4 protein chains.
Amino acid sequence: MCGIAAAYNVPDAAYAVSLMLKRLQHRGRSGAGIVSSDGSVLHEVRGLGLVDQVFDRVDLPARLPGALAVGHVRYATTGHHGLAANIQPLAAKLKRGPLAVAHNGNLLNHETLRRGMEAEGAIFGTTSDTETFLHLLARSERPTTPEALRDACGEVVGAYSLLFLSPTELFAIRDPYGFRPLVCAPCGDGWLFASETCALDLFRTGPAEEVLPGEMIQCVSSGLWRGRLAEAPVRRQCSFEQIYFSRPDSVTFGETCNDVRERLGAALAAKETVRGDIVVPVPDSSNAMALAYADAAGVPFKFGLIRDHNTGRTFITPGQDARIHGVRMKLNPVASLVAGKRVMLVDDSIVRGTTMKKVVALLREAGAAEAHVRIASPRFIHPCFWGIDTPSFSELAAAQADDETLRAMIGADSLVYLTVAELREALGDADGSRFCTTCFSGKPPC
Amino acid sequence: MCGIAAAYNVPDAAYAVSLMLKRLQHRGRSGAGIVSSDGSVLHEVRGLGLVDQVFDRVDLPARLPGALAVGHVRYATTGHHGLAANIQPLAAKLKRGPLAVAHNGNLLNHETLRRGMEAEGAIFGTTSDTETFLHLLARSERPTTPEALRDACGEVVGAYSLLFLSPTELFAIRDPYGFRPLVCAPCGDGWLFASETCALDLFRTGPAEEVLPGEMIQCVSSGLWRGRLAEAPVRRQCSFEQIYFSRPDSVTFGETCNDVRERLGAALAAKETVRGDIVVPVPDSSNAMALAYADAAGVPFKFGLIRDHNTGRTFITPGQDARIHGVRMKLNPVASLVAGKRVMLVDDSIVRGTTMKKVVALLREAGAAEAHVRIASPRFIHPCFWGIDTPSFSELAAAQADDETLRAMIGADSLVYLTVAELREALGDADGSRFCTTCFSGKPPC
Amino acid sequence: MCGIAAAYNVPDAAYAVSLMLKRLQHRGRSGAGIVSSDGSVLHEVRGLGLVDQVFDRVDLPARLPGALAVGHVRYATTGHHGLAANIQPLAAKLKRGPLAVAHNGNLLNHETLRRGMEAEGAIFGTTSDTETFLHLLARSERPTTPEALRDACGEVVGAYSLLFLSPTELFAIRDPYGFRPLVCAPCGDGWLFASETCALDLFRTGPAEEVLPGEMIQCVSSGLWRGRLAEAPVRRQCSFEQIYFSRPDSVTFGETCNDVRERLGAALAAKETVRGDIVVPVPDSSNAMALAYADAAGVPFKFGLIRDHNTGRTFITPGQDARIHGVRMKLNPVASLVAGKRVMLVDDSIVRGTTMKKVVALLREAGAAEAHVRIASPRFIHPCFWGIDTPSFSELAAAQADDETLRAMIGADSLVYLTVAELREALGDADGSRFCTTCFSGKPPC
Amino acid sequence: MCGIAAAYNVPDAAYAVSLMLKRLQHRGRSGAGIVSSDGSVLHEVRGLGLVDQVFDRVDLPARLPGALAVGHVRYATTGHHGLAANIQPLAAKLKRGPLAVAHNGNLLNHETLRRGMEAEGAIFGTTSDTETFLHLLARSERPTTPEALRDACGEVVGAYSLLFLSPTELFAIRDPYGFRPLVCAPCGDGWLFASETCALDLFRTGPAEEVLPGEMIQCVSSGLWRGRLAEAPVRRQCSFEQIYFSRPDSVTFGETCNDVRERLGAALAAKETVRGDIVVPVPDSSNAMALAYADAAGVPFKFGLIRDHNTGRTFITPGQDARIHGVRMKLNPVASLVAGKRVMLVDDSIVRGTTMKKVVALLREAGAAEAHVRIASPRFIHPCFWGIDTPSFSELAAAQADDETLRAMIGADSLVYLTVAELREALGDADGSRFCTTCFSGKPPC
């Protein structure tokens, strides 16, 4: 996933970006970095861990001076989370001068591009696909940066929301399909950019709007220069942002995620055949879904599982062992609520299935009479190559087992998913013209 | 507040205690410590900050070996939170041998006792009232530790849940009024103790039970030796544990806090005269209250405020400035839910009023048509001297202003509290025989 | 050993003390601490490690405000160096008010005193003999602090140079025998105290002078009030200060240590029967001795061993294994100087003998034809109970083996010590009336 | 300056390299790094600060596994010492695979090469000239690495001692002039490389020898493959290595530095016209010079200045202010030795002159009757572009002032330097055919 943020013509830009990154912490907890510009030189701080850990004891105005800054929080894929060199924003010196880039997304053809450039003598400092952009820009013969950016984006295939910082310029780009989100808002005499509006909400900004699919925005002193990379063929917005990634208070792809999630929960209720005694969310990501399900189903909503916030999101800890071990540390059932009850347990998705198995076991230990699992999205059956860190086929529970097998594996009394059509309906995209649902359908987005 | 935990005859006792302290982190975030015994020597680690910060990089089996351990998380009162020497468990060498103590509560007569002992030549290493216990034990002529403990407790007046660790013994004590909670459960061949059951839930234990008011428990290899300090006159359990401190999944004073909170929310609804469009909790501490209010009032419950869990509880950060500044970092309204709505905002209590003022402002900025504040407890009008860290009279909003003034100060359209009688009813203590409500009534508990 | 320092009526007293402690770092590298007074409250910072490690990132003016301060560097005895609670200055609250103490020395009767006070109900927070002083002061009925200090010192037996800090007062005390050093000098409108003059040299002070044996000095605004604890029977100054502990630039017990060491080296040369080709010191502690030996013997002095200053003094690392392993890391021979030469290797002393054995082996590996070891002090045959951290009899090489056995053990071609009489002569104390030489003679000092 | 080290086919190669880097710490204290190979993957750890600070808490076998490793200690030039990205070894992915490089020296034409490669689309991740090598290698069409290395070295002009590490290979290269040192020795079944022999001395190695000027060495399992980059025109060994940089126990450019320094000191004595009472070195770098001067002049050598080793070398701290402030912290005169004496103060060189001015003042404060400054090298009048971090002309004291002005500035009674001819004579290079003396003569080396 990852989260990105930038500030242009904002006093103490790095401080503003650090607050936004902290607000985007749910998008990545493995590393964080900020590059600022004082108008002539780029300054860089990066490190492993949470935003607070990286910037603790860093004297921001001294180490990251200036009114322009770009930042990144990193969601590590298993096995590579220790590679400090991959922490973004990446920065390098090109013939055009210094340039930093923060990237949310994933390129499909970066290995091919990379091998080609290596054969011509390029050297790569990281294993990240993001570095590809810097090399393409470095090789462009175009006289202006916007032209070079357009050329570079023309060569890559995949998902990319990008923020580029030179000593005096800030560019924001979103790929023509608009896979990953990116928003902006005016703030004082400058501009703020972020993956989600919840980060902009920290400041008194003007109205937030999307960086449009296929758009390239250049901040200039008088406002924004908005150009097009290419004709945007059709949106392919990531449906998993609406289901899980984005915070519920963020307006992503034009709609508040909470509202989408309420519709997903209601859709689940509409097809219900079991009557439970209580509805319990797996907090906090499925809260809105479970609440709407309960309302629609006429079953009491209860906070039957308490989350311990002194640890991170279950999904986000790299390494399978730590994940299993952590469930009991993170979730505790309220025995007085669940004992003797038919519990309708609502969650946003099942990826590996290991967490859900543990949660069901916790509920049964606490005395639940029945545990019915309701998932407010379709079966997750296909890895994502457009920017979500997903496991391979062999680890995707729903790709390996039919519903009955999976139900038995997680120990539930029943297991119900939404269908892809129901998901699209709830997303307000019945014809499938705006959202990517590849992870659920297996059909390529484009 | 503070939280305490101990393990007796449990392998890697310090590790078990560290997990329990982490689960009790909501009871204190300013410092943490563990003292373990390897059977002959006490080992100590203490530090400022969160449990994870103090024990990060500490090789627990090497630094804190043994099957007995006692631990403490500290809730700092403003102005003293930097005093590292006050971090518990305290430990000292007495003629009886080494002894460590972890204390949750507050002594009323410790200054008097202290001055008396100082006059006779005692020296104090801390400013903590907890050290008083060690001095009283050191001075006791009684041949056995239980007798000395009984004598020491006979001299102090106030609230105390205590865990004492010698190289070979563990004692748990609760004051005769039972102000502060303390529970225990068998685990394997040993025993676990903690302030709340949510900490015991991390392990596969036998049934948890209260250390009773006025009880002194000594762990022995064959089980528990349970004796009495004194006749327990009458329970004076802290009602604020039920309202705010204890986790909702904890069974405190014999009842799950979630259930008490649901009754408090329902009691609020029962006296409602305004009909709102939506009910919004100030997450997470008022979730159960708001949900029950919504159910009883027949008004939709909505997650209209999203909490950022990368920072701590509002109440828990020392220093007024940081608290004000932090609200916007911690809470963000979901504009699509609250815009144009009459919002019934439910919270557990108002202490200084500064947070609530900011929350109401956030809701109005997000477009709420009306903001009605409902507090699921009575006016907080009196400082607590029995273990809750409360500000002085002059800082208690409800002690300084009548309801109308306070309503205007926080900017709400209306403001409703429970009465003390309604609180007692909801606590199942209509005659006021079991709960201390001094902070709400101003009447001394005993 | 340990080193102590204090500042009275000096702006930013804690900063001045921190610089002095750094200059006294050779007296102890295991822990450091400072207690300052802002006139009413004592502030404390202590930690394990070097002065720079403890006070790195500590905002001294904020954490240790005030014009009075006292500090300590700790030399850990093997096995106890991890006990953070023992790091000085110790501080406690007495009926007289808060008091901090820094102590260099060792009490002989502290176990007896301690057991007596514990039996009467005292509790001890540390295992340090220094805490005894605080308890004795706490128990004194005397109305004034000077009287109480005189009483307390009257009860202890042993070596003590002491600095006491109350919120408004600073006291310096040296035991009647004057075992351990303590000096002072006026600085601006105030006073500085330190174990050695090299620490005072950092500042523009007036002339330094000794705190006299048996003297108690109280700083008052108009100057120093100098009183007597007791009649000083006879000086028993530690001869090992002159031989090894004090820095060569310090004026200790009235004479610059460099000059004493030159006389020790010359005394060695006076009894020489072997004619070497070159004289090589074991740097840096024997530099002056070897230089004077070379001058007197008419043999060229050479820097034949180079010391790596990225590690500490050999003697100072706790744990025998680390010490052996460290010699090659710390010392490297200059092969071109020693190859084929009869090397006269001069060192200040042999304690365990393990380092010397390794140094001789290093010289032989580098091609030395002969290695003659010359020790500028007598055989070290007796543990010290007056403040030097020495091993037990069984680990003292010279207590376990005669000269020939020891020579063979360390692999030298010859081994020569000074006699006790020669040492006294070089110390300018031919009649033995001023210096303690118990570690060399085995005869008790008093 | 910087220091480099490598190990090939040595168990726990990174540990061996870390010990060598620690021994080379005097060559750079601002940053350190190690890259190891486990045979297929390169592992990297780098950081700001001392070797101990960077590798403290790093589990070397886990983080840097394998039998091949290369390391670097960095000497920061003022103003850039915070740029973490510049800490070596640099590593990148080329078409040939991963490659790491550690470099001691400086390239004269790297800006030109860089601009050319940037124009062709290369991107640079650092501001270091070392990265140039990686780009040249990446661009080479040559099929084998040795050929590509030869080509790359053919394009650069300047000083370079280099160590390259691929997953399976180690290469050592020294520029044709041999400006900077590099030595190697067999160790077990493998090889060790280092800037100085003092680092090799930590291990039981076979005889050490120079990597020859213009030589490229490839480690292979059966031994070393030694080839030539180019015909070595003439040696231009850095004379400042002999004067100051290398440790006295290192055999650099074929001779032990201590011995060279003794000749430099003797040369100073040979031209002496003043008769001092004592000779005092500025410890430790001028110890051997001062000792030889004293012997030759027949004036007693005295340790008249004591160095505090708890801080670094004077020359090595970036920032002029810290340097001035630090002199009193680092050096303390022994008043009893210098008082009333005509002091002949011997130092290796004068760069900015600020330290020497302070040292002279310290001696006078301590009572020296006269202070005559003797410098065992010529006037330092020209910045170095071949790898020594020197200030610009405007900061070089001897480039800005004639001897009399400089003498007055530092407050000495007299000031004498060696001439360039005397330096060459002492270096054993009377015809100037082997040593670079550009910093003293201003004449370019080639």
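What is the relative accessible area of C:Glu255, and is this residue buried or partly exposed? C:Glu255 has a relative accessible area of 23% and is partly exposed.

## About the model

This is a predicted model, in which local features need pLDDT of at least 70, side-chain atom pairs count only at pLDDT 80 or more, and totals for chains, interfaces and linings use all residues. Residues are numbered from 1 along each chain as its sequence is written, chains are lettered from A and ligands numbered from 1 in the order in which they are written, and side-chain values use heavy atoms, with hydrogens and water left out.

Over all chains, the structure holds 112 salt bridges. The term stands for a side-chain nitrogen of Lys or Arg within 4 Å of a carboxyl oxygen of Asp or Glu.

Back to our opening residue: C:Glu255 pairs with C:Arg263 in a salt bridge, at 2.6 Å from N to O. C:Arg263 is partly exposed too, at 31%. (Buried means under 20% relative accessible area, exposed over 50%, and partly exposed in between, with a 1.4 Å probe and protein chains only.) Another salt bridge joins C:Arg142 to C:Asp151, with 2.9 Å between the closest N and O atoms. Here C:Arg142 has a relative accessible area of 38%, and C:Asp151 has 28%.

## Salt bridges between chains

C:Glu365 and D:Arg204 form a salt bridge with an N to O distance of 3.5 Å. This pair crosses between chains: C:Glu365 sits in helix 13 (residues 354-365) of chain C, while D:Arg204 lies in the loop between helix 7 (197-200) and strand 11 (209-210) of chain D. Helices (H or I, at least four residues) and strands (E, at least two) are DSSP runs, numbered from the N terminus. C:Glu365 is partly exposed at 47%, whereas D:Arg204 is exposed at 64%.

Elsewhere, A:Arg23, A:Arg247, A:Asp249 and B:Asp308 belong to one network, joined by salt bridges that share partners.

## A buried asparagine

A:Asn258 belongs to helix 9 (residues 257-270) of chain A. With a relative accessible area of 1%, A:Asn258 is buried. Beyond its neighbours within four places in sequence, A:Asn258 is in contact (heavy atoms within 4.5 Å) with A:Pro248, A:Ala288, B:Phe303, B:Val334 and B:Leu337.

## How chains A and B relate
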